Amino acid sequence: MYRLHGALASPYSMKMRAVLRARRIPHVWVHGRQTHDAATARVKAPVIPVLEYPDGSFANDSTPLIHDLEARHPDRSIIPDDPGFAFLACLIEDFADEWLTKAMFGYRWLEEVDQLQMSRWLGFDAFKGGGRDRLEAFASAFRERQVGRMALVGCTRANFPLIEASTRRVLDALEAHVVNSHFLFGSRPSIAEFGLFGQLSQLGVDPTAQAMMRAEFPFTYRWLLHIDDTSGIEGTWDAADQPLQPVVVALLAEIGRVYGPFLLANAGAAAAGEPTFRIEVDGLGYVQGTFRYQLKCLADLKARHAALDADTRRRIEPLLESAGCLAFLG
Ligand SMILES: N[C@@H](CCC(=O)N[C@@H](CS)C(=O)NCC(=O)O)C(=O)O
């Protein structure tokens, strides 16, 4: 039995919980301040979710965890068996984890109504009782901490127009898709859906973002409840020669438009020893501190792309080219 240590307000925790459910991997869901501190003390970077393995070892970082579980458990894989679709699914997951998360963080901590509501719910989730005073004390301390970190993760008011425009394009594409099919690469969920679900699950709860989703993206809003538990889904992957869903083409175009330039600018700044970098997309500027973790993400994506066999590359490169993704994968 695995033990997944996470939090309801943690997008990566919701992602991992949905993955374990979908794959019918026996686990218990453990959340709350006490277990959080105990579990994060057992890993290098004190971030959640933390997965406790049946042998008592602990590990975190959702993407490597997902691939490790793929290696340990063959059934109900969430990686499409076609190497081309597998690469695209991993690219979309990384985009959600590293770019869409800025929408999640921005919608949560930019406006006071969300800061107040979410910090209180985070306190409620952390202590599960123990009185209002303790909850409020935690809430105001956590709110101050998170609001103070907004610039660090690029979620400033000045950056938000680009983050929001990008998020709306993603939601537009999903809204048009989920009425036809709940999945991107067939009739079963892939790592891409879980990456998107993780971040969007929070937009489905936080007051301002939830109101936007219910009003403008009502089916995507409902889709979140479906992806939260797909343990009952028995589906198949699309065949390699089947045309890609328009939603996949739209997501790749968004990756080429915003995420590629973001990763390249971050890598360029790191190489030049610059503390910050700036990109501009459709006239909207975005400034952020240089981030080491995203250097690893870019390197992983390049390595996955380079590892593709020649036939697969020939098949998906025209799509990557027209989406502008080869600019950062080459
Ligand atoms: N790359 C990690 C990111 C994990 C992460 O950032 N988790 C957040 C919660 S969603 C966290 O624990 N942040 C640390 C903190 O706020 O102290 C993953 O994919 O699991």
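In this predicted model, a polar side-chain atom of Arg149 lies 3.3 Å from an oxygen atom of the ligand. Taken alone, the ligand exposes 510 Å², and the protein buries 78% of that area.

**Around the ligand**

Arg149 belongs to a shell of residues around the ligand that also holds Ser10, Pro11, Tyr12, Val47, Ile48, Pro49, Asp61, Ser62, Arg145 and Tyr293. By residue class, this shell divides into 6 nonpolar, 2 polar and 3 charged residues. Which side chains have a polar atom at 2.9 Å, 2.6 Å or 3.3 Å from an atom of the ligand? The table lists them, with the ligand atom in each case.

| Residue (side-chain atom) | Ligand atom | Distance |
|---|---|---|
| Asp61 (polar atom) | nitrogen | 2.9 Å |
| Ser62 (N or O atom) | oxygen | 2.6 Å |
| Arg149 (polar atom) | oxygen | 3.3 Å |

The peptide bond that joins Ile48 and Pro49 is cis, with omega at about 5°. Pro49 itself sits in the loop between helix H2 (33–40) and strand S3. Asp61 is not glycine, yet its phi has a positive value, near 85°. Asp61 is found in the loop between S4 and helix H3 (62–72).

Is Asp61 buried, partly exposed or exposed? The relative accessible area of Asp61 is 23%. Buried would require a value under 20%, and exposed a value over 50%. Asp61 is therefore partly exposed.

A positive phi also occurs at Arg76, where the value is near 50°. Arg76 lies in the loop between H3 and helix H4 (83–109).

**The sheet**

The model has an open sheet of 4 strands, in the order S2-S1-S3-S4, with mixed pairing. Its edges are strand S2 (27–31) and strand S4 (58–60), each of which pairs on one side only. From one strand to the next, the twist averages 25°.

With S2, strand S1 pairs in the parallel sense, over 5 bridges. Single residues can be followed across these pairings. Leu4 has Leu51 in S3 as its bridge partner, and His5 has Val30 in S2.

Why is S1 described as largely enclosed by the rest of the structure? The reason is that 4 of the 5 residues of S1 are buried. Each of those residues falls under the cut-off of 20% relative accessible area.

**A residue in helix H2**

Thr40 lies in helix H2. The relative accessible area of Thr40 is 9%. Since buried means under 20%, Thr40 counts as buried. A polar atom of the Thr40 side chain lies 3.3 Å from the backbone oxygen of Asp37.

Notes. Residues numbered from 1 in each chain as written. Predicted model: local features only at pLDDT ≥ 70, side-chain atom pairs only at ≥ 80, totals over all residues. Heavy atoms only, no water. Pairing = 2+ DSSP bridges. Helix = DSSP H or I, 4+ residues; strand = E, 2+ residues; numbered from the N terminus. Axes fitted to C-alpha atoms, helices over the stretch in contact; angles between N-to-C directions. Near = heavy atom within 4 Å. Polar contact = N/O pair within 3.5 Å; in protein donor to acceptor, adjacent residues only side chain to side chain. Areas by Shrake-Rupley, 256 points an atom, 1.4 Å probe, with all protein chains shown as cover. Nonpolar A, V, L, I, M, F, W, Y, C, P; charged D, E, K, R; others polar. Buried < 20%, exposed > 50% of the residue type's maximum accessible area, 1.4 Å probe, protein only.
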